[in-house]
Amino acid sequence: MESGVSGGISGDVIVVGGGVIGLTTAVVLAERGARVRVWTRDPVELTTSAVAGALWWPYRIEPEPLVGEWALQSLVVYEELAARPEETGVRMVDGVQGETRLDELGSWAARVPGLREARAEEFAGGGLWARLPLIDMSVHLPWLRDRFVELGGSVEEASVADLSEVPASVVVNCTGLDSLDLVPDRSVRPVRGQLVVVENPGITTWLTSVDHSADTSTYFFPQPGGLILGGTAEENAWSMTPDPATAEAIIARCAAFRPEIAEARVLEHRVGLRPTRPAVRLERQVLRGGRVLVHNYGHGGAGITVAWGCAREAADLVGVRAA
């Protein structure tokens, strides 16, 4: 966690957006001594972040050289938070990234503790074995909000039509997909993800098997509230309605790896729209009158993975630096 301030800003900061990026950014700013409010259109429990799986891994996010550093900074924080899983929602869990090789990954992979080639008995198709943060967003998002409030911040439900009209000396844009119209940024697009939550038949490890050239993938994550099955990656698809045929296909793909999943009782269907962009936008703009607008959006399927690293860079751009 951060502490101390070097440099400074005058007036309040308003962070627009109450998902994992907005809340984490607000926490970092508040820990560095800034006076911060979060404006969110939806309660944190109803944001896109609440739907996430949510395994730490750089997935569907660019640019890779920067992403690796942001992700590693976040990994250190999550490893610390995993000491208090019931409070923070973060656990360290073993699993396999299927069809993945170390030499296919960026230099960041060499700095992930314990990441290694999977043995044949662990995953027949070849992959990587790792112990990674698996985050229960139903716990983690309220924890972030409570941590922020403990630091003196406030979370307010408010809709924004124009970022330049937000009444603060510094505005941080963490609106994700809403940046398409709010900025406007026409490079932002949704990548639709559909999930199924089933009663866990006793699975304690996670697994992913992702074909980056396809709009489907296979993964399951054991969370306290059930086993999360996925998924899809449908470009420019806006529907928030779960598709029954897609759900059946997700269950079948997961059951091909663990047959007991086929008989598990379905608890819930979920849909989320990943806020994807050719590259994350972390940028400072000076508005009329000297006010500052900092953008922090476009994290695709890896907002949780890079949240703390991006939050620290956004805080630097605001002008509030760690001592």
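## Surroundings of Gly19

Beyond residues up to four places away in sequence, Gly19 touches Thr47, Ser49 and Leu141. This description rests on a predicted model. Gly19 lies in the loop between β1 (13-16) and α1 (20-31). With a relative accessibility of 14%, Gly19 counts as buried, because the cut-off for that class is under 20%.

Gly19 and Pro259 are 240 residues apart along the chain, and their C-alpha atoms are separated by 35 Å.

## Nonpolar cores

The largest nonpolar core contains 70 residues, of which Val13, Val15, Leu29, Val36, Trp56, Tyr78 and Val172 touch the most other members. Helix α7 (residues 303-318) supplies the largest share of this core, with nine residues. A second, separate core has 18 residues, among them Trp129, Val196, Leu207 and Leu227. In soluble globular proteins, nonpolar side chains tend to be buried together.

When neighbours within four places in sequence are set aside, the contacts of Val15 are Gly22, Ala26, Leu29, Val36, Arg37, Val38, Trp39, Val172 and Cys174.

## Helix α7

Of the 16 residues of α7, 13 are buried, so the helix is largely enclosed by the rest of the structure. The axis of α7 bends by about 35° at Gly309. Between its end C-alpha atoms α7 spans only 20 Å, whereas a straight helix of 16 residues would span 22 Å at 1.5 Å a residue.

After α7 comes Gly319, which has a positive phi, near 110°.

Note on methods:
Residues are numbered from 1 along each chain as its sequence is written. This is a predicted model: local features need pLDDT of at least 70, side-chain atom pairs count only at pLDDT 80 or more; totals for chains, interfaces and linings use all residues. Side-chain values use heavy atoms; hydrogens and water are left out. A nonpolar core is a set of buried Ala, Val, Leu, Ile, Met, Phe, Trp, Tyr and Cys residues joined through side-chain atoms within 4.5 Å. Buried means under 20% relative accessible area, exposed over 50%, partly exposed in between (1.4 Å probe, protein chains only). Helices (H or I, at least four residues) and strands (E, at least two) are DSSP runs, numbered from the N terminus. Contact means heavy atoms within 4.5 Å. The expected span of a helix is 1.5 Å times one less than its number of residues. The bend at a residue is the angle between axes fitted to the seven residues ending there and the seven starting there.
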